[in-house]
Amino acid sequence: LQSLEEQLAKLTSDFEKATADKLRCQKDADATQATIQLANRLVGGLASENVRWAESVNNFVKQGITLPGDILLITAFISYVGCFTKQYRVDLMTKMWLQYLKSIDPPIPITEALDPLSLLTDDTTIAIWTNEGLPSDRMSVENATILTNSDRWPLMIDPQLQGVKWIKQKYGDAL
């Protein structure tokens, strides 16, 4: 009887140990399953990003082709249009510079409907300028863009003196 009780105790001990091992293995399997599910969600999320990244790469390749022409046009804009009226600025860009760049052989590639302000500034900066007192019309924003992107003081025509207050407020110490 004692021998059977010892065997029963040993078997009970082995059973409890095996049950504890089973529970530990089950917890490990559940944790691994949860990690796999998270990894699958991450891979699924990155798969959708792959499409966006591929589009971005294509856009960067296109921009790489037109960037030299865009920069040429933008630097001409900063350097030369500050002293002209709005209509003359538009004519200078569309009828003279763009036509010339397209007419030379080989033509210099330029982004279609290039807006100089889109490469030189952003909407946040323009909003900050208008909060500082700069008028929100296109001419004033162009003048502010030219001013902030110039190393020297550019020649600007401002017959209504709309931007003078903003310039004095922003650059008063440097004047």
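Glu49 and Arg52 sit three residues apart in helix α1, about one turn of the helix. Their side chains form a salt bridge, with the closest N and O atoms 2.5 Å apart. Both partners are partly exposed: Glu49 has a relative accessible area of 26%, and Arg52 has 44%. Keep in mind that this is a predicted model.

Helix α1 covers residues 2–80, and it also holds Arg24 and Asp21, again three residues apart and separated by about one helical turn. Those two side chains meet in a salt bridge as well, at 3.7 Å from N to O. Arg24 is partly exposed at 47% relative accessible area, and Asp21 is partly exposed too, at 32%.

Moving on to helix α2, which spans residues 86–103, you'll find Asp91 and Lys95 four residues apart, about one turn of the helix. They form a salt bridge whose closest N and O atoms are 3.6 Å apart. Lys95 has 58% relative accessibility, so this residue counts as exposed, the cut-off being over 50%.

| Salt bridge | N to O distance |
|---|---|
| Glu49 and Arg52 | 2.5 Å |
| Arg24 and Asp21 | 3.7 Å |
| Asp91 and Lys95 | 3.6 Å |

How many salt bridges turn up in a search of the whole structure? There are seven. Some share partners, and in that way Arg89, Asp115, Arg138 and Glu142 are joined into one network.

Now for the aromatic rings. The structure holds two aromatic pairs. In one of them, the rings of Phe84 and Tyr88 have centres 4.6 Å apart and planes at 55°, so the pair is tilted. Phe84 is partly exposed, with a relative accessible area of 28%, and Tyr88 is partly exposed with 36%.

Trp129 and Trp166 form an edge-to-face pair, 5.8 Å centre to centre with 65° between the planes. This pair links distant parts of the chain: Trp129 belongs to helix α4 (residues 123–131) and Trp166 to helix α6 (residues 164–171), 37 residues apart. Are these two tryptophans, Trp129 and Trp166, buried or exposed? Trp129 is buried, with a relative accessible area of 4%, and Trp166 is buried as well, with 1%.

Note on methods: Residues are numbered from 1 along each chain as its sequence is written. This is a predicted model: local features need pLDDT of at least 70, side-chain atom pairs count only at pLDDT 80 or more; totals for chains, interfaces and linings use all residues. Side-chain values use heavy atoms; hydrogens and water are left out. Rings of Phe, Tyr and Trp (its six-membered ring) pair if their centres lie within 6.5 Å; planes under 30 degrees apart count as stacked, over 60 as edge-to-face and the rest as tilted. Buried means under 20% relative accessible area, exposed over 50%, partly exposed in between (1.4 Å probe, protein chains only). Helices (H or I, at least four residues) and strands (E, at least two) are DSSP runs, numbered from the N terminus. A salt bridge is a side-chain nitrogen of Lys or Arg within 4 Å of a carboxyl oxygen of Asp or Glu.
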